[in-house]
Amino acid sequence: MRRICVLLLTVTLLVASCKNEEERKLALGDWVGKMEVLDSRLLPFNFTLSLNEDGKYIMEMRNAEEVIIVDEITINGDSLNIRMPIFEGHFTGTFTENEMKGNFIEEGKERSVPFSAVHGDNTRFEVKEDATVNISGIWETYFNVNTQNEYPAKGIFMQNGNNVKGTFRTKTGDYRYLDGVVSGDSMKLSAFDGSHVYLFLAQVTDSTLDGTFYSGRHAVQEFLGARNEAFELPDADSLTYLRPGYDKFDFSFPDATGEMVSLSDPQFKDKAVLVQIMGTWCTNCLDETRFYVDFLEKNPHLNVELVALAFEYAKTKEKAFEGITRLKERTGADYPILLAQYGTSNKQKANEKLPMLNHILSYPTTIYIDKNGEVKKIHTGFNGPATGEKYEQFKEQFAETIQELTTEESGISAD
């Protein structure tokens, strides 16, 4: 009899345990996540949860027109791990059906940002009053004002009622898809793309911006802007160049198999070559990589090779190549991505690896080389889809440059 009672109790506990496991589910639909940056400010972002055909959770993060699909969500009891689709960052913490709490962690950068999320709302920023100004247009902006690190940016915004979307372009790229509001005379914009944690807060008038930019919990910058529809940044093709005394660009770095690759290899002989200086942690690099993959797929007849040199945060060579492999798989990039550096993305150290360049100002940077091995152009940074018209201009200019390099007269698609 005692054995029967023990057996019944065991079965009861097992059933209860299974029932508890079944109850540990996440609510589907709209969620608002919040990340705690410096000064105890909260950066909001929107996402939805759904189930795929296999019953696995799918997370769709949104920034203006951008949608990021996250499909690596692991649940163990009440513990949760959400891995970003390309970047190394991941959310880890605990959850109930309608709440999440934990941290967004990037081990390679040694960064951690507190995170929470609540189900049932899609409001990004609270709007307390109607906008008293409209910031649509172009803004000449300066970050780190009155310091030795001051740099210019071009604000590009479109406002509809209280809602605002746009971006800041800099000499080295853009701050991607910013999404937010103007409430009264207060502008609030945010973006979370799986790597960068951006929050912009400013007081605005019809002609000025006075604000603060938070990048996660590691950086804060003051910025000032003035409306200027004619403002332009320096030409991206003039910022990086070969040092005097150098007439060629070359390198020798390993691929994932350990084989050393250089421009003198047979695969590059008598071909135009694009050399992409990048990092798998870099969102502008990701935008550029996707553009290159799409362009090459649409123009397979071109006599052009592309090779990327990766400068990685990852602490070990193995981790660095793991990130490279993940990027290639997720983007469909079938061109070589070589490991130029790991353990840091320091631009000064990167320049030591490529001493023929005056500097490495930006990730990404692309070197355009003709079939005779002559450097024809070096393009610093990348204006991604969030820059709108500038991105369309870049696509047209890129197609023209490739046509010149490959001496093809027709058949190039920039769409």
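This is a predicted model: local features need pLDDT of at least 70, side-chain atom pairs count only at pLDDT 80 or more; totals for chains, interfaces and linings use all residues.
Residues are numbered from 1 along each chain as its sequence is written, and side-chain values use heavy atoms, with hydrogens and water left out.

**Exercise 1. Work out which strands form the open sheet around β25, and how β25 is attached.**

Strands (E, at least two residues) and helices (H or I, at least four) are DSSP runs, numbered from the N terminus. Two strands pair if DSSP finds at least two bridges between them.

At the edges sit β23 (337–341) and β25 (375–380), each pairing on one side only. From one strand to the next, the twist averages 20°.

Now zoom in on two pairs. β24 (residues 365–369) and β25 are antiparallel, with five bridges; here Ile-367 has Ile-378 of β25 as its bridge partner. Their hairpin has five residues between the strands, and Gly-373 takes a positive phi near 85°. By contrast, β21 (residues 272–278) and β22 (residues 304–311) run parallel, joined by seven bridges. There, Val-275 is partnered with Val-307 in β22.

**Exercise 2. Check the length of helix α3 (residues 317–331).**

First, the rule: the expected span is 1.5 Å times one less than the number of residues. For the 15 residues of α3 that gives 21 Å, and the end C-alpha atoms are 21 Å apart, which agrees.

Then look at which residues are hidden. Buried ones in α3 are Ala-320, Phe-321, Gly-323, Ile-324, Arg-326, Leu-327 and Thr-331. A handy tip: an α-helix has 3.6 residues a turn, so residues three or four places apart point the same way. Finally, what follows α3? Gly-332 does, with a positive phi near 80°.

**Exercise 3. Compare the linings of the largest pocket and the two cavities.**

Definitions first. On a 1 Å grid over the protein atoms alone, a cavity is a set of points where a 1.4 Å probe fits but cannot get out; a pocket is an open set with protein on both sides within 12 Å along at least five of seven lines; lining residues have an atom within 4 Å of a point.

Step one, the pocket. It holds about 920 Å³ of space. Its lining has 31 residues, and Thr-172, Tyr-175, His-196, Tyr-198 and Lys-347 are the closest to its centre. By class, that lining has 11 nonpolar, 15 polar and five charged residues.

Step two, the cavities. There are two of 30 Å³ or more. The largest has a volume of about 60 Å³, and its 14 lining residues include Thr-380 and Asn-383, among those nearest its centre. Both β12 (163–170) and β25 give two or more residues to that lining.

Step three, the second largest cavity, with about 30 Å³ of space. Among its lining residues are Leu-274, Phe-295 and Glu-305. Three residues, the largest share, come from β22. The classes are seven nonpolar, no polar and one charged.

For the classes, Ala, Val, Leu, Ile, Met, Phe, Trp, Tyr, Cys and Pro count as nonpolar, Asp, Glu, Lys and Arg as charged, and the others, Gly among them, as polar.

Key:
Buried means under 20% relative accessible area, exposed over 50%, partly exposed in between (1.4 Å probe, protein chains only). Grid points are joined across faces, edges and corners, and a volume is the space filled by probe spheres set on the points. Axes are lines fitted to C-alpha atoms, for helices over the stretch in contact, and angles run from 0 to 180 degrees between N-to-C directions.
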